[in-house]
Amino acid sequence: MHFQCIVVEFSRDYHLLVPTPERGSRKNKKEEKRRITRILANGFAPIRRFLFLIPTHHDKNLPLPYDVSMSKPDPNLPSAGPDRCVHWFRQATPYIHAHRGRTFVIAFGGEAVAEAGFSELVHDLALLHGLGIRLVLVHGARPQIEERLERRGAALHYARGLRVTDAEALACVKEAAGAVRVEIEALLSLGLANSPMAGVRIPVASGNFVTAKPLGVLDGIDYQHTGVVRRIDRASLRWRLDDGAVALMSPIGYSPTGEVFNLSAVDVASSAAIALGADKLIFLLEEPGVADASGGLISNLLGQDVEALLTDAPDIPEELAQSLRAGAHACIQGVERVHLIGRRTLGALLRELFTHDGAGTMITASPYEELRPARIDDVGGILELLRPLEQQDILVRRSRERLETEIDRFSLMERDGMVIACVAIYCFPAADLAELACVAVHPDYRSRARGDKLLEYVVAIARRQGIGRLFVLTTQTAHWFRERGFEPVGLEELPLEKQALYNYRRNSKVFIKTL
Ligand SMILES: CC(C)(COP(=O)(O)OP(=O)(O)OC[C@H]1O[C@@H](n2cnc3c(N)ncnc32)[C@H](O)[C@@H]1OP(=O)(O)O)[C@@H](O)C(=O)NCCC(=O)NCCS
């Protein structure tokens with residue numbers, strides 16, 4: 001097949017038709033995806049995935065050069081105006097609740113500070129603070145340091161992606177870090193009536209939160225005043241955050257010997273996140289996120305897979321590689337989620353935090369809680385999870401034999417070898433319906449949004465199969481489903497084969513959710 005267009009998916013609602021310059025063939029599809037990824041890297045939200053190719057004969061009038069279109073409008077989503085704002089607020093509400101009182105460490109480079117649009121990022125940070133998120137900001141200062149070194153006519157020394165900080169460079173580091181810190185403090189203090197910060201008063205706390213030690217001599221190179229984090233003063237940071245301040249950390253640390261060290265902002269951010277047991281560590285990067293071999297954005301990554309990814313992609317930019325390594329390490333050390341977000345995409349931070357689709361790459365630690373399709377040897381674990389619920393008549397009883405036959409409908413979450421949650425999906429494509437069944441979370445693991453994850457997972461499976469509605473039969477969990485957009489319907493809405501099997505003694509209620 002030859003194609004003239006590739007459809008790129010940015011989010012559930014926004015797709016982009018990208019015409020190819022010449023008639024493409026399946027063979028050069030990969031090359032074409034790379035080209036598109038490069039072109040779109042800066043102007044658009046990160047690519048979630050490539051959907052399909054449009055054959056050459058498909059449409060003679062495809063818009064050129066690009067057309068961002070709502071190719072799959074959500075019937076519930078108003079297209080513009082104040083209604084859209086109301087809709088957005090409503091869909092963001094669960095995230096607003098979930099993030100309140102949480103601690104986020106957010107790192108960004110000096111490049112972000114140097115740009116005119118930096119004030120917009122600061123407004124977004126102020127908004128997060130206003131929503132009750134405990135913020136620790138970590139800034140870099142590389143371009144500002146280099147500018148000062150160049151002005152002095154001093155040479156720039158780097159090895160392994162790190163600065164070799166001699167006495168002259170250290171003077172520039174101190175100057176630049178101070179200037180950047182003051183700039184950020186000034187923007188956070190802005191309260192002009194006609195700005196988004198009107199009436200806002202954000203206390204900012206900076207200080208000697210980081211104890212550092214010298215990096216030392218590596219491969220014969222003495223890094224001099226370049227250091228690494230030795231300790232974070234967790235108590236002081238917590239005290240400032242408890243007091244309602246935004247903590248601001250510079251890439252600088254102090255040693256008990258009274259020396260000053262130039263640190264990497266990535267090191268400072270991940271050490272602070274680990275020390276605080278932060279809920280999120282967020283890197284705002286020059287890159288849009290982490291791309292897979294065909295150029296699509298990887299939206300989820302396990303910490304344990306990071307090294308393999310870096311080995312497979314030796315050309316990955318240094319900043320991204322450092323953030324990936326630090327993120328994976330932070331996950332192992334107990335930081336629940338690490339996000340790598342392209343800072344150039346407008347509102348990427350808010351999108352990552354307040355929308356279902358997100359905007360970057362998220363690293364999580366828990367391989368044991370990976371949601372995965374069930375295998376035949378999981379039957380025992382699933383039965384163990386389901387039996388008590390069947391005894392309480394919450395779930396319909398399933399025999400081992402039936403479970404074995406239907407195991408490919410099941411997905412599960414495993415932790416330390418134990419099945420802690422499961423869900424099944426039965427598709428009825430002719431009726432544009434899929435049944436959500438056997439949703440169960442082990443009692444010890446409830447109320448931590450695992451149920452929501454199971455639901456999201458099943459919704460994604462149904463969507464992939466082109467199914468538009470999900471139904472569920474329940475006796476005791478009606479409200480849980482109603483709170484997640486399921487509407488009560490009559491039995492006649494179900495596929496005929498399902499109606500025929502309806503158990504009138506059980507008298508389950510029927511709910512449908514339109515996807
Ligand atoms: C329903 C279930 C899957 C939710 O799992 P979870 O991981 O706890 O889900 P979440 O963390 O996403 O949601 C938790 C919220 O759901 C609420 N909830 C749990 N069971 C509920 C029920 N039967 N009815 C209404 N709300 C319920 C919790 O109170 C909690 O609300 P809160 O945060 O306001 O206190 C889990 O409670 C379970 O396994 N229940 C037994 C099996 C079952 O009923 N399955 C459905 C069969 S059709």
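A residue is buried if 20 or more other C-beta atoms lie within 10 Å of its own, with C-beta atoms placed from the backbone. By that count, 38% of the 515 residues of the chain are buried. The model is a predicted one. Its chain holds 16 helices and 27 strands. Among contacts with a separation of 6 or more, 70% join residues 24 or more positions apart.

**Helix 14**

Helix 14 has 15 residues. From first C-alpha to last, helix 14 reaches 21 Å, close to the 21 Å expected at 1.5 Å a residue. Which residues of helix 14 are buried? They are Arg450, Gly451, Leu454, Leu455, Val458, Val459 and Ala462. Glycine 466 follows helix 14, and its phi is positive, near 75°.

Eight strands form an open sheet with mixed pairing, in the order 9-14-6-5-17-19-20-18. Its edges are strand 9 (204-205) and strand 18 (300-302), and each pairs on one side only. Strand 9 runs parallel to strand 14 (residues 246-249), joined to it by 2 bridges. Here alanine 205 stands opposite alanine 247 of strand 14.

Two helices are described against this part of the sheet. Helix 7 (residues 234-242) packs on the sheet and touches strand 5 (103-108), strand 6, strand 9 and strand 14. The direction of helix 7 makes about 140° with that of strand 14. Helix 6 (residues 167-189) lies across strand 6 (134-139), strand 9 and strand 14. Helix 6 runs at about 160° to strand 14.

**Histidine 97**

Histidine 97 lies in helix 2 (residues 82-99). Is histidine 97 buried or exposed? Histidine 97 counts as exposed because it has 11 C-beta neighbours inside 10 Å, and the cut-off for exposed is 12 or fewer. Leucine 131 is 34 residues from histidine 97 in sequence. In space, their C-alpha atoms are 8.8 Å apart.

Key:
Residues are numbered from 1 along each chain as its sequence is written. This is a predicted model: local features need pLDDT of at least 70, side-chain atom pairs count only at pLDDT 80 or more; totals for chains, interfaces and linings use all residues. Helices (H or I, at least four residues) and strands (E, at least two) are DSSP runs, numbered from the N terminus. Two residues are in contact if their C-beta atoms, placed from the backbone, lie within 7 Å. The expected span of a helix is 1.5 Å times one less than its number of residues. Two strands pair if DSSP finds at least two bridges between them. Axes are lines fitted to C-alpha atoms, for helices over the stretch in contact, and angles run from 0 to 180 degrees between N-to-C directions.
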